[in-house]
Amino acid sequence: MKRLSLKLKLTVLYTFFMVLVTCAALAILFSLSTREVLSSTQSRLERRVQDSADDVWLRNGELQLDSDFYSVTQDVYLSLYDEDMYFLYGRIPYGFDSQPDFADGQVRSITEGNTEWYVYDMSFRLTEDYTVYIRGITSVTDAEASFTVTIRFALILLPALVVATAFIGYRFTRRTLMPVKKITDTVRKIRTDADLSQRIGITGGGRTRGDEIYTLADTFDEMLSELEEAFQREKQFTSDVSHELRTPVSVILAQCSACLEDETLSAKQREQIMLIQKKARDMSDIISHLLFLSRADQGRQPLNKEYLNLSELTGIAAEEQQLLAEEEGRGVTVETRIEPDLYARADETFYIRMLINLISNAVTYSKENGHVIVSLKRSGREIIGCVEDDGIGIEPEHLPYIWERFYRADASRTGRQGENHSGLGLSMVKWIAQAHGGTVKAESRPGEGSRFTFTIPADDEEAELENRI
């Protein structure tokens, strides 16, 4: 199951508690309101009966009633009885068929069928020897029904309230977590572009004060600044050291060459000097690679792109590596499968260096009498190159890290000639491919071999002619 985002989690949590609180408040309100409705109904009934006493009087010994006595006010029906329980005047609600005994000053609940009624009786003495009874009747069911309508209306509005709460909660959460999203996007962009100069930049206007997320963003920017400075110092140190080492290594190589011209050297002395010369050349290669990568990191490694026939350059590089493989005497064969006349705008020196690094690695880590296949073809708007060997391969756990500088996994970087490789070649290959607007990837199976594939944007001859015109 896909994990929910933090925005959605907070929205669901906020909505849940808001709905819970709302439902609890409504439940308490409805419970109290029910009792209040019943109490209000009783009070209204008593007040109406008591006020109706003003509508009854005697005139010349005859009982007189005001017309208001017959009106149904506040859903209360009034009726007048004599001392013998005989109905005199008034109105009785439809459905109230019983004739309960009089209970002066008491509110009683009487159920008739599906309807519940409140009945309130009050005796009223018109003269010392003439007493009448006023009875008030009201429907409890009708009062509860009107309140039920209110409850239903509230329940109908509850889903709308839930939706509105969720929407507001989501908008609020999204706005609150916007800095977190920007932090994440910045980190991803830094990883993609390998550019530590980028910043989150959401701390303006003094908003960091008292806001943990904005404080986090500010702290993150400070950390990026420190990391950028540290990496710049490291790059500068690498560049400075490489420059300083070039001169003594060049002197060592020159002296070795001069010493080897001396015919009086013994065989053992000559062998020792040749070993020093070989190691000095290896050091010179490493220094050259370090300077290349250092300039690339600092953006000081320009590309001199030209309209080149990559098919010819690839064939030349493969033939050169075939000759070097024959000198090693391991029987490794370099085969080519190159489509003719594939053109692209590329830096000739860097392109050949990329091929040499890939092919020499393939030859180095191939088995005895192995095969290295160099292919080049066009697919759409890309030229795809591939260097494949049937050598020792690379373990899956090491494959993601082979592009890192000086990375040499034991299983994938040991062999007869493995000691001559510094672990910088693939870093250079990756930079060259990306600098040309292309990509590079590696596939490998331990014991079966490896395949390195690079792409470079193609260029048509017609497009080149148009550019020249």
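Modeller: Let's begin with tryptophan 403, which counts as buried because its relative accessibility is 16% (buried means under 20% relative accessible area, exposed over 50%, and partly exposed in between, with a 1.4 Å probe and protein chains only). Please keep in mind that this is a predicted model, in which local features need pLDDT of at least 70 and side-chain atom pairs count only at pLDDT 80 or more, while totals for chains, interfaces and linings use all residues. Residues are numbered from 1 along each chain as its sequence is written, and side-chain values use heavy atoms, leaving out hydrogens and water.

Tryptophan 403 belongs to the loop between β12 (382-389) and α8 (425-435); helices (H or I, at least four residues) and strands (E, at least two) are DSSP runs, numbered from the N terminus. Beyond its neighbours within four places in sequence, tryptophan 403 is in contact (heavy atoms within 4.5 Å) with residues including Leu426, Val429, Lys430, Val440 and Phe452. From tryptophan 403 to lysine 430 the C-alpha distance is 7.1 Å, although 27 residues separate them in sequence.

Now for the salt bridges, each a side-chain nitrogen of Lys or Arg within 4 Å of a carboxyl oxygen of Asp or Glu. The structure has seven of them. Arginine 330, buried at 6% relative accessibility, meets glutamate 328 at 3.8 Å, N to O. Glutamate 328 is partly exposed, at 36%. Arginine 330 also forms a salt bridge with glutamate 368, where the closest N and O atoms are 4.0 Å apart.

Another salt bridge joins arginine 135 and aspartate 121, with 2.7 Å between the closest N and O atoms. Because arginine 135 is in strand β7 and aspartate 121 in strand β6, this pair ties together parts 14 residues apart in sequence. Both arginine 135 and aspartate 121 are buried.

β6 (residues 115-127) and β7 (residues 130-139) pair in the antiparallel sense over 10 bridges; strands count as paired if DSSP finds at least two bridges between them.
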